[in-house]
Amino acid sequence: MGVLKKLFIAILPLLATACYQDFTPGVESSPVLCINSMISEGEPIEVSLSHTWLFTDDLENSSHEVDDATVTIYANGEVVGAAYLPKHGDAIKIVAESPRYGKAEAAVTVPQAPQIIAPEWTVSNPDIWVTEIPEWDTAAVVTFDLRVVIPVHDIEGADYYHIDFEPSPDSENLNMGVFLYEAEPIFSEHIGLLESIGGADAYGFTLFTDRMFKGSDYHLKLNFERMGCLVHPGEESNCSLTFTLSAVSPSYYNWSNYRWQLDSGIIADLGDIGLGDPVWGYSNVSTGAGVVAARSQITFTIDLSDFIHKLTENL
């Protein structure tokens with residue numbers, strides 16, 4: 001009898017497996033308009049329109065663009081053209097109407113540009129090694145660690161921020177190295193206890209709020225390890241980084257947080273296997289499809305050329 005019980009238990013998963021089959025659910029849902037727009041202070045407003053579709057659609061052979069819609073842009077209640085240059089404090093509203101997909105609208109307020117106070121930077125652990133490159137005969141590679149401190153002054157009307165960085169346009173020989181997200185704890189303020197226990201980190205997320213420094217200053221710490229600059233001895237080398245600090249609308253922060261939850265959060269993983277509620281997509285458009293966001297930016301550059309030149313002038 002014991003053998004029969006064990007045999008029944010062994011066969012049960014096979015019986016359950018045999019009950020599964022592929023099927024296409026009949027979803028009673030009509031496509032709706034999707035609006036996407038990133039509105040930047042001082043730049044013309046661009047609007048992207050598409051429509052929703054089922055996940056079973058053939059994405060490679062289907063176009064989801066909408067070309068029969070009229071788009072109306074309002075600034076502070078007045079109709080403006082696409083060439084209008086928004087300014088901070090503007091209440092922007094985008095309304096789109098399509099004979100086929102209906103109407104969609106979204107509104108956002110342009111935040112005031114952030115304020116920064118004299119960024120400071122230090123370089124450590126420099127190293128130089130010489131290599132051979134076909135185009136150049138010989139070249140020097142300078143590696144180093146970089147620490148940047150940006151004092152951010154919180155102002156009224158700016159509650160959400162985003163910092164971005166990249167080599168300056170004329171710094172093709174600069175390698176950004178490794179950015180240490182863990183060196184700045186404010187990038188992890190959106191991570192809950194459950195995610196922390198699961199080992200989640202802020203990788204790829206450089207947004208933050210002013211909850212920790214409302215109406216005051218915060219010293220944002222950006223640490224890079226093993227940055228590198230390729231130098232041809234005897235020639236000047238341009239190695240500089242461009243930083244962009246943006247005050248962003250709540251819609252942009254919420255969408256970015258949703259993307260992080262989807263890619264890195266444990267809650268999304270639990271929802272995928274039925275152990276929690278699913279993480280619903282974020283949208284501030286009336287149809288529930290798309291995101292209309294706004295930002296105001298300030299940029300500054302850190303030029304490392306003199307530092308690199310002093311290290312390599314005797315090569």
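Modeller: The answer begins with the basis of the description and the whole chain, then turns to the sheet, and ends with the side chains and loops.

This is a predicted model, in which local features need pLDDT of at least 70 and side-chain atom pairs count only at pLDDT 80 or more, while totals for chains, interfaces and linings use all residues. Residues are numbered from 1 along each chain as its sequence is written, and side-chain values use heavy atoms, with hydrogens and water left out.

Of its 315 residues, 37% count as buried, where buried means under 20% relative accessible area, exposed means over 50% and partly exposed lies in between, with a 1.4 Å probe and protein chains only. The accessible surface comes to about 18500 Å², and 53% of it belongs to carbon and sulfur atoms; such areas come from the Shrake-Rupley method with a 1.4 Å probe, and for residues only the protein chains shown count as cover. Among contacts with a separation of 6 or more, 70% join residues 24 or more positions apart, a contact being heavy atoms within 4.5 Å.

The open sheet has 6 strands in the order S2-S1-S16-S15-S10-S13, and its pairing is mixed. Two strands count as paired if DSSP finds at least two bridges between them. Strand S2 (48-51) and S13 stand at the edges with a single partner strand each, so one side of each is left without a neighbour in the sheet. On average, neighbouring strands of this sheet are turned by 25 degrees against each other, direction ignored; axes are lines fitted to C-alpha atoms, for helices over the stretch in contact, and angles run from 0 to 180 degrees between N-to-C directions. Within the sheet, strand S15 (residues 240-248) pairs with strand S16 (residues 292-303) in the antiparallel sense over 9 bridges. Thr-242 stands opposite Thr-301 in S16. Helix H3 (residues 250-264) lies across S1 (33-40), S10, S13, S15 and S16, and runs at about 125 degrees to S13.

A search of the whole structure finds 18 aromatic pairs, in which rings of Phe, Tyr and Trp (its six-membered ring) have centres within 6.5 Å; planes under 30 degrees apart count as stacked, over 60 as edge-to-face and the rest as tilted. The rings of Phe-165 and Phe-224 have centres 5.1 Å apart and planes at 85 degrees, so this pair is edge-to-face. Phe-165 lies in strand S10 and Phe-224 in strand S14, so the pair ties together parts that are 59 residues apart in sequence. Both Phe-165 and Phe-224 are buried. Ring pairs link these two residues into a cluster that also includes Tyr-161, Phe-208, Phe-243 and Phe-300.

Side chains of opposite charge can pair when their charged atoms come close. A salt bridge is counted when a side-chain nitrogen of Lys or Arg is within 4 Å of a carboxyl oxygen of Asp or Glu, and the count comes to 7 by this rule. Asp-159 and Lys-214 form one of them, at 2.7 Å from N to O. Asp-159 lies in the loop between strand S9 (137-153) and strand S10 (160-167), and Lys-214 in the loop between strand S13 (207-209) and strand S14 (217-231), so the pair ties together parts that are 55 residues apart in sequence. Asp-159 is partly exposed at 29% relative accessibility, whereas Lys-214 is exposed at 57%.

Other salt bridges complete the picture. Asp-90 meets Lys-87 with the closest N and O atoms 3.5 Å apart; Asp-90 is buried at 3% relative accessibility, while Lys-87 is partly exposed at 46%.

One backbone feature remains. Asn-76 is not a glycine, yet has a positive phi of about 55 degrees; Asn-76 lies in the loop between strand S3 (70-75) and strand S4 (78-80) and is partly exposed at 45% relative accessible area.

Key
Helix = DSSP H or I, 4+ residues; strand = E, 2+ residues; numbered from the N terminus.
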